[in-house]
Amino acid sequence: MGIIVTLKGDTNTAAALGNSLMSGGVFSIFYLAMALLYFLPLLYLHRFSTKMIAGLDQNDEATVTHAFKNLKSLFKLLGILTIVMLVFYAFMMIAMSAGVFLGRSH
């Protein structure tokens, strides 16, 4: 229901925002992208936990090894996401500093 309302866009919100791009669909796309980004680590964590429980219950070393492979994939993904976010933050700080510098020169 919320996605449908967000995609449709509220006329009052659109008027308040001046019919800018930040009304309606952009919010939906942003939240769907964030949900997909959040889904992958949870999937690896779920696979790790279910395989670990099954492997420990059955004393199956292969299943426990497979569970640890999922945990390794989870930490790889989280490391990559952390590096991407740190680069993004650094870029934004440089962009804001450039904006302040250019704003003072006028």
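Predicted model: local features only at pLDDT ≥ 70, side-chain atom pairs only at ≥ 80, totals over all residues.
**Two long-range partners: α3 and α4**

Helices α3 and α4 are roughly antiparallel to each other; that label applies to angles over 145 degrees, whereas under 35 counts as roughly parallel, 65 to 115 as roughly perpendicular and the rest as oblique. Helix α3 covers residues 25–58 and helix α4 covers residues 61–104. Their axes come within 8 Å and cross at roughly 160 degrees. Each axis is a line fitted to C-alpha atoms over the stretch in contact, and angles run from 0 to 180 degrees between N-to-C directions. The crossing of α3 past α4 is left-handed.

Residues are numbered from 1 along each chain as its sequence is written, and side-chain values use heavy atoms, with hydrogens and water left out.

Now step back to the whole protein. It has four helices and zero strands. The pattern along the sequence is α-α-α-α. Helices (H or I, at least four residues) and strands (E, at least two) are DSSP runs, numbered from the N terminus. Of the 106 residues, 14% are buried. Buried means under 20% relative accessible area, exposed means over 50%, and partly exposed lies in between (1.4 Å probe, protein chains only).

Return to the helix pair. On the α3 side, the residues that meet α4 include Leu37, Tyr44, Phe48 and Leu56. On the α4 side, Val64, Phe68, Asn70 and Leu81 are among them. Contact means heavy atoms within 4.5 Å. The residues of this contact divide into 17 nonpolar, five polar and two charged. Here Ala, Val, Leu, Ile, Met, Phe, Trp, Tyr, Cys and Pro count as nonpolar, Asp, Glu, Lys and Arg as charged, and the others, Gly among them, as polar.

Look at Asn70, in helix α4. Asn70 is buried, with a relative accessible area of 7%. Not counting residues up to four places away in sequence, Asn70 touches Tyr44, Arg47, Phe48 and Lys51.

Finish at the loop between α3 and α4, where Asn59 lies. Asn59 is exposed, at 72% relative accessible area. Its phi is near 50 degrees, a positive value in a residue other than glycine. Most residues other than glycine have a negative phi.

Conventions
Left-handed = near helix turned anticlockwise from the far one by under 90°.
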